[in-house]
Amino acid sequence: MTRIIVYTGKGGVGKTSVAAATALLCADRGLRTIVISTDIAHSLSDSFDVPLAAEPVPIAEHLWGQESEVFHNVRKYWGTIQAYIASVFQWRGLDEVRAEEMTVLPGMDELANLLWIAEHNDSGRYDVIVVDAAPTGETLRLLSLPEAGKWWLEKVFPIERRIVQVAGPAVRRLVGMPMPSDAVFAAGEQLFHRLEHMHELLSDSARSSIRIVLNLEKMVIKEAQRSFTYFHLYGYPTDLVIVNRVLPNDAGPYFASWLETQRRYWPMVEERFAPVPMRSAPFFDREVIGIDMLRQLGAALFGEEDPTRFYYQGRPYHVRRENGAFVLSLDLPFTTREDVSLTRHADELVLQVGSWRRNLILPRVLVEAPTTGARFEGQTLNISFAVPPRPRKGG
Ligand SMILES: Nc1ncnc2c1ncn2[C@@H]1O[C@H](COP(=O)(O)OP(=O)(O)OP(=O)(O)O)[C@@H](O)[C@H]1O
Ligand SMILES: [Mg+2]
């Protein structure tokens, strides 16, 4: 089974470097590895100091790299459908150029990047696929797209198909609307199955992990935490947090204040992402560019460990709807039934059980919802939230 590892995190934290270093380490250990960048602003080739292209290019023994390219992807995955949508828009009176532009739905081009993951998985050519993903916000949007894309395809295609089947050429003559050909339906269906397949692959905790890269800085940690919540919500397994650019103790007086800040945030990161473990890399005294530096980074992160191992399998918490209300469930690492105290502060929920503390960012649906209780069920703590009253129109 192909192992899939996706690195994401706030802009500039070191995603590309960490993805490249992980891929190189896998290849060095004899695993056939491809590292693919799905960020529109590619920097993988700069990181390896090797030119890459829209299709896989060999970098080293057992190692391939790819910087997927929008136009290439759109042609490859949406070509047939795009041509049809363009004809519908034209029929609605949009001029040709604008019709062309409108056919690339927001996110569709980036989504095509992710479809490469499924393709490489199915090819059987690789043992490991490492993904250098876009910064968290975009990646989140992208990962929620299989659902949105499915919705879109379900809505557009079956209805059209029914019209075609029932009315056929008669309707076409009557309304003049271009009807999709069999080729368009076939392409739509294929795309639908690909999306579903990709979603299955990425949410399968027996093969995929999403790893969050961060630096010990307030805003970076906060964003990482938010994405952590959403990955759980969407059911994407997260197995590791990478703390990059940790200052060494002898960083010198200029960095004294930075060092103190990093020391303060370290235990906070441990607490906020538990039970998902962390691995870290030092702030090197030079850019991480080229094979040698990437090897150093890989060694710092994983040492003798297998970088493809599953560091954590499970969902530390999830949200479900129960009798109209929401229930947030957490698996707690202990069995004693001490008092549970909950503190809410905007979108943060602080949970304290004895001396153990956890700080969660609440998903958007729960931010306005009042907490109505907490109870244990075995090792699981269930926290209930009432559905917030809907604001009525006109007060
Ligand atoms: N541990 C480190 N020590 C020193 N320099 C580092 C380290 N990690 C990354 N860098 C350097 O920091 C810069 C940014 O790293 P990188 O491109 O990997 O970040 P990124 O998260 O992919 O950025 P972007 O969001 O722009 O894609 C690069 O110049 C890289 O060489
Ligand atoms: Mg990058």
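This is a predicted model: local features need pLDDT of at least 70, side-chain atom pairs count only at pLDDT 80 or more; totals for chains, interfaces and linings use all residues.
The protein chain holds 13 helices and 15 strands. Of its 395 residues, 35% are buried. Contacts across the chain were also sorted by sequence separation. Among those between residues at least 6 apart in sequence, 72% join residues at least 24 apart.

Eight of the strands are arranged in one open sheet. The order in this sheet of 8 strands is S3-S4-S2-S5-S1-S6-S7-S8, and the pairing is mixed. Strands S3 (57-60) and S8 (278-282) stand at the edges. Each has a single partner strand, so one side of each lacks a neighbour in the sheet. Neighbouring strands are turned against each other by 25 degrees on average, direction ignored. Within this sheet, strand S2 (residues 33-37) and strand S5 (residues 128-132) run parallel and are joined by 5 bridges. Valine 35 has valine 130 in S5 as its bridge partner.

Helix H1 touches strand S1 (3-9), S2, S3, strand S4 (63-67), S5, strand S6 (208-214) and strand S7 (238-246). The direction of H1 makes about 165 degrees with that of S5. Helix H12 (residues 291-302) touches S3, S7 and S8. Its direction makes about 140 degrees with that of S8.

A second open sheet has 4 strands. Their order is S9-S10-S15-S14, with antiparallel pairing. Strand S9 (317-322) and strand S14 (371-377) stand at the edges. Each of these two has a single partner strand, so one side of each is left without a neighbour in the sheet. The twist from one strand to the next averages 20 degrees. Inside the sheet, strand S10 (residues 325-331) pairs with strand S15 (residues 380-385) over 6 bridges, in the antiparallel sense. Leucine 328 stands opposite isoleucine 383 in S15. In general, strands of a sheet pair through backbone hydrogen bonds, either parallel or antiparallel.

The nonpolar interior was examined next. In soluble globular proteins, nonpolar side chains tend to be buried together. The largest nonpolar core in the model has 63 residues. Those with the most contacts inside it are Ala20, Ala23, Ile129, Val131, Leu214 and Val241. Helix H1 (residues 15-28) gives the most to this core, with 9 residues. Alanine 20 touches Val35, Leu44, Ser47, Phe48 and Leu294, not counting residues up to four places away in sequence. One of these contacts, Val35, is the residue whose bridge partner in S5 is valine 130. Another core, of 12 residues, lies apart from the largest one. Tyr317, Leu360, Leu362 and Leu366 are among its members.

The peptide bond from alanine 274 to proline 275 is cis, with omega near 5 degrees. Proline 275 lies in the loop between H11 and S8. Aspartate 49 is found in the loop between helix H2 (44-48) and S3. This aspartate is exposed, because 12 other C-beta atoms lie within 10 Å, and the cut-off for exposure is 12 or fewer. Arginine 245 is placed in strand S7. This arginine is buried, because it has 22 other C-beta atoms within 10 Å, where burial requires 20 or more.

A further arginine, at position 264, lies in helix H11 (residues 256-273). Arginine 264 is exposed, with 11 other C-beta atoms within 10 Å. Arginine 264 and glutamate 217 are 47 residues apart in sequence. In space, their C-alpha atoms are 9.9 Å apart.

Terms used
Residues are numbered from 1 along each chain as its sequence is written. Chains are lettered from A and ligands numbered from 1 in the order in which they are written. Two strands pair if DSSP finds at least two bridges between them. Axes are lines fitted to C-alpha atoms, for helices over the stretch in contact, and angles run from 0 to 180 degrees between N-to-C directions. A nonpolar core is a set of buried Ala, Val, Leu, Ile, Met, Phe, Trp, Tyr and Cys residues joined through C-beta atoms within 7 Å. Two residues are in contact if their C-beta atoms, placed from the backbone, lie within 7 Å.
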